[in-house]
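Q: Please show me the model, and then take me through how its features are read, one at a time.

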Amino acid sequence: MDEFEEFYEANRQNWNNRAELHSSDETGRYRIARVLAGGSSLHEIEAREIGDIAGKDIAHLQCHIGLDTLSLKHLGARSVTGLDFSATALKAARSFAAQAGTEARFVEASVYDARQALEGDFDLVFVTWGTIIWIDDIFRWGRVVSSLLRPGGKVYLLDMHPQLGQFDIDEGWPKLRFPWKTRAADPIVFDLDYTYTGDPRPLTHRRFYELIHPLSDVINALVVAGMSVDFLNEHAVVAWEAFPGMEEVGEDLFALLPEHPKIPLSFSVGATKL
Ligand SMILES: C[S@@+](CC[C@H](N)C(=O)[O-])C[C@H]1O[C@@H](n2cnc3c(N)ncnc32)[C@H](O)[C@@H]1O
């Protein structure tokens with residue numbers, strides 16, 4: 001196993017472990033009951049920014065336990081297909097789909113293999129919250145996204161801002177700690193005891209590897225893959241409590257406290273395949 005396979009495998013095991021905890025989540029973070037009742041787990045930002053999805057064929061990359069995938073169907077998509085590399089996450093996703101009575105396909109594959117793994121072309125590729133930090137080649141990611149779309153089809157990406165990714169907690173305060181871009185061979189290594197939902201059950205696969213991609217790389221990855229950028233937005237909120245004591249300013253959307261100098265916490269990009 002080379003170093004890249006080692007990073008990938010550690011991340012997959014960490015995600016299998018988290019998926020087990022998240023699918024029996026009692027913190028409310030994943031809005032399981034709401035989705036099983038036919039509702040939506042999308043946050044206000046993505047629900048607004050994706051626009052009308054009625055009648056669209058949607059590929060949801062890194063779909064995790066499938067709750068957003070099912071939500072997209074509940075919001076009117078014609079078809080939804082979730083893809084993830086975690087077998088544990090997909091087992092939960094299929095079980096939630098059955099419980100909700102919602103038609104959805106879930107496919108186990110690496111993002112890099114999405115074109116071969118998914119049948120047909122899509123109107124929308126949906127990618128949100130906690131995704132590209134796991135991707136070590138953002139330009140390859142851009143080509144995969146583009147290859148999944150029909151001409152005129154769109155990608156919607158909403159994720160942690162790379163500027164936020166540079167900070168870590170030190171004695172409770174955000175401290176600048178990581179570089180603004182990382183190399184695939186030199187990812188940021190974390191060993192954490194708990195997942196981010198506040199679940200008190202400890203992780204058994206604690207190690208994972210993350211990457212930081214500058215916004216310029218994300219945008220250029222889409223452009224060189226044949227896409228035209230419709231918008232790039234930066235937001236003062238993020239969908240998890242990145243630092244202890246952040247202020248919840250919308251449902252599951254957190255902002256820095258007034259005493260902290262403001263930085264962008266998340267960003268979103270919409271782009272259309274030419
Ligand atoms: C934070 S979750 C994404 C959450 C998602 N927004 C949702 O709907 O719940 C990250 C997901 O990415 C998946 N993942 C990480 N690296 C991957 C890769 N290289 N290929 C496929 N899936 C990957 C993990 O298994 C995990 O389910």
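Q: Which residue of β13 stands opposite Phe-231?

A: Strands are DSSP runs of E of at least two residues and helices runs of H or I of at least four, numbered from the N terminus, and two strands pair if DSSP finds at least two bridges between them. Here Phe-231 stands opposite Gly-270 in β13, and β10 pairs with β13 (residues 266-273) in the antiparallel sense over eight bridges. This is a predicted model, in which local features need pLDDT of at least 70 and side-chain atom pairs count only at pLDDT 80 or more, whereas totals for chains, interfaces and linings use all residues. Residues are numbered from 1 along each chain as its sequence is written.

Q: What is the order of the strands in the open sheet?

A: The seven strands run β3-β2-β1-β4-β5-β13-β10, with mixed pairing. The edges are β3 (105-108) and β10 (227-235), each of which pairs on one side only. Angles run from 0 to 180 degrees between N-to-C directions of lines fitted to C-alpha atoms, for helices over the stretch in contact; with direction ignored, neighbouring strands of this sheet are turned by 15° against each other on average. Helix α5 (residues 87-100) packs on the sheet, where α5 touches β2 (79-84) and β3, and its direction makes about 170° with that of β3.

Q: How many residues of α4 are buried, and what do they pack against?

A: A residue is buried if 20 or more other C-beta atoms lie within 10 Å of its own, exposed if 12 or fewer, and partly exposed in between, with C-beta atoms placed from the backbone. Seven of the eight residues of α4 are buried, among them Leu-67, Asp-68 and Lys-73. Contact requires such C-beta atoms to lie within 7 Å, and the buried residues of α4 pack against α2 (32-36), β1 (57-61), β2, α5 and β4 (122-128). Just after α4, Gly-76 takes a positive phi of about 115°.

Q: Which residues are closest to the ligand?

A: A residue is near a molecule if its backbone-placed C-beta atom lies within 6 Å of it. Of the 18 residues that surround the ligand, the closest are Trp-15, Gln-62, His-64, Gly-130 and Trp-134. Both α1 (3-22) and α4 (67-74) supply at least two residues each to this shell.

Q: What does the whole chain look like in numbers?

A: The protein chain holds nine helices and 13 strands, and its C-alpha trace spans about 50 × 45 × 40 Å along the principal axes. Buried residues make up 41% of its 274 residues.

Key:
Two residues are in contact if their C-beta atoms, placed from the backbone, lie within 7 Å.
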